[in-house]
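Work through the exercises below with the sequence and the model side by side. Try each task before reading its solution.

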Amino acid sequence: YSVLQCLPWIGLHFHDSKDDPEFDRLLDMLEMKIEQREKDYMAAIRVWSSDNPLPQIEYMDSLWLQIKNMRNNNWTDNWIVRPYLAFESKLESSLQHPPPSISLSHPRVNIYNVYQ
């Protein structure tokens with residue numbers, strides 16, 4: 001589920017790097033796993049008694065259909081906000097460096113002495 005959930009945000013990046021066939025392999029593997037899933041529980045979670053006007057499908061299947069649609073449309077969308085794209089050239093040309101380490105110290109407080 002976590003991988004499926006992040007695909008709409010990272011799909012465009014991996015689609016643009018066509019040198020790496022791993023992304024297509026990942027998508028093919030996900031499709032195979034989703035098709036193999038058993039859905040015996042669908043009758044138990046069914047909300048409507050009829051599939052008219054639209055069939056009721058499970059959440060992961062719905063997400064996968066949306067991902068397949070995005071894949072067929074070359075990962076273009078109009079609903080994911082990507083504010084970093086306005087600064088993409090600046091980010092790519094800037095000097096990259098490892099972030100500094102941050103050490104957090106927590107004061108030791110005995111919570112049992114607070115009420116004495």
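A residue counts as buried when its relative accessible area is under 20%, as exposed when that area is over 50%, and as partly exposed in between. The model is predicted.

**Exercise 1. The chain as a whole**

Task: Find how many helices and strands the protein chain has, and what share of its residues count as buried.

Solution. Step 1: the secondary structure comes to five helices and zero strands. Step 2: read from the N terminus, the order of elements is α-α-α-α-α. Step 3: by the cut-off above, 18% of the 116 residues count as buried. Step 4: take the contacts between residues at least 6 apart in sequence; 62% of these join residues at least 24 apart.

**Exercise 2. Helix α4**

Task: Compare the span of helix α4 with the span expected at 1.5 Å a residue, then find which of its residues are buried.

Solution. Step 1: helix α4 covers residues 59-72, which is 14 residues. Step 2: from first C-alpha to last, α4 reaches 20 Å, close to the expected 20 Å. Step 3: the buried residues in α4 are M60, D61, L63, W64, I67 and M70. Step 5: the partners against which the buried residues of α4 pack are α1 and α2 (22-36).

**Exercise 3. The largest nonpolar core**

Task: In the largest nonpolar core, identify the residues that touch the most other members, and the element that gives the most residues.

Solution. Step 1: this core has 13 residues, and those touching the most other members are L4, L7, L27, W64, I67 and W75. Step 2: α1, α2 and α4 are the elements that give two or more residues to the core. Step 3: α4 gives the most, with five residues. Step 4: follow one member, L4, and leave aside its neighbours within four places in sequence; L4 is then in contact with L30, I34, M60, L63, W64 and I67. Step 5: as a general rule for soluble globular proteins, nonpolar side chains tend to be buried together.

**Exercise 4. The largest pocket**

Task: List the lining of the largest pocket and sort it by class.

Solution. Step 1: the lining consists of W9, L12, H13, D16, S17, R82, Y84, L85 and E88. Step 2: by class, four of these are nonpolar, two polar and three charged. Step 3: helix α1 (residues 2-16) gives the most to the lining, with four residues. Step 4: the space in this pocket is about 190 Å³.

Conventions:
Residues are numbered from 1 along each chain as its sequence is written. This is a predicted model: local features need pLDDT of at least 70, side-chain atom pairs count only at pLDDT 80 or more; totals for chains, interfaces and linings use all residues. Side-chain values use heavy atoms; hydrogens and water are left out. On a 1 Å grid over the protein atoms alone, a cavity is a set of points where a 1.4 Å probe fits but cannot get out, and a pocket is an open set with protein on both sides within 12 Å along at least five of seven lines; lining residues have an atom within 4 Å of a point. Grid points are joined across faces, edges and corners, and a volume is the space filled by probe spheres set on the points. Ala, Val, Leu, Ile, Met, Phe, Trp, Tyr, Cys and Pro count as nonpolar, Asp, Glu, Lys and Arg as charged, and the others, Gly among them, as polar. The expected span of a helix is 1.5 Å times one less than its number of residues. Buried means under 20% relative accessible area, exposed over 50%, partly exposed in between (1.4 Å probe, protein chains only). Contact means heavy atoms within 4.5 Å. A nonpolar core is a set of buried Ala, Val, Leu, Ile, Met, Phe, Trp, Tyr and Cys residues joined through side-chain atoms within 4.5 Å.
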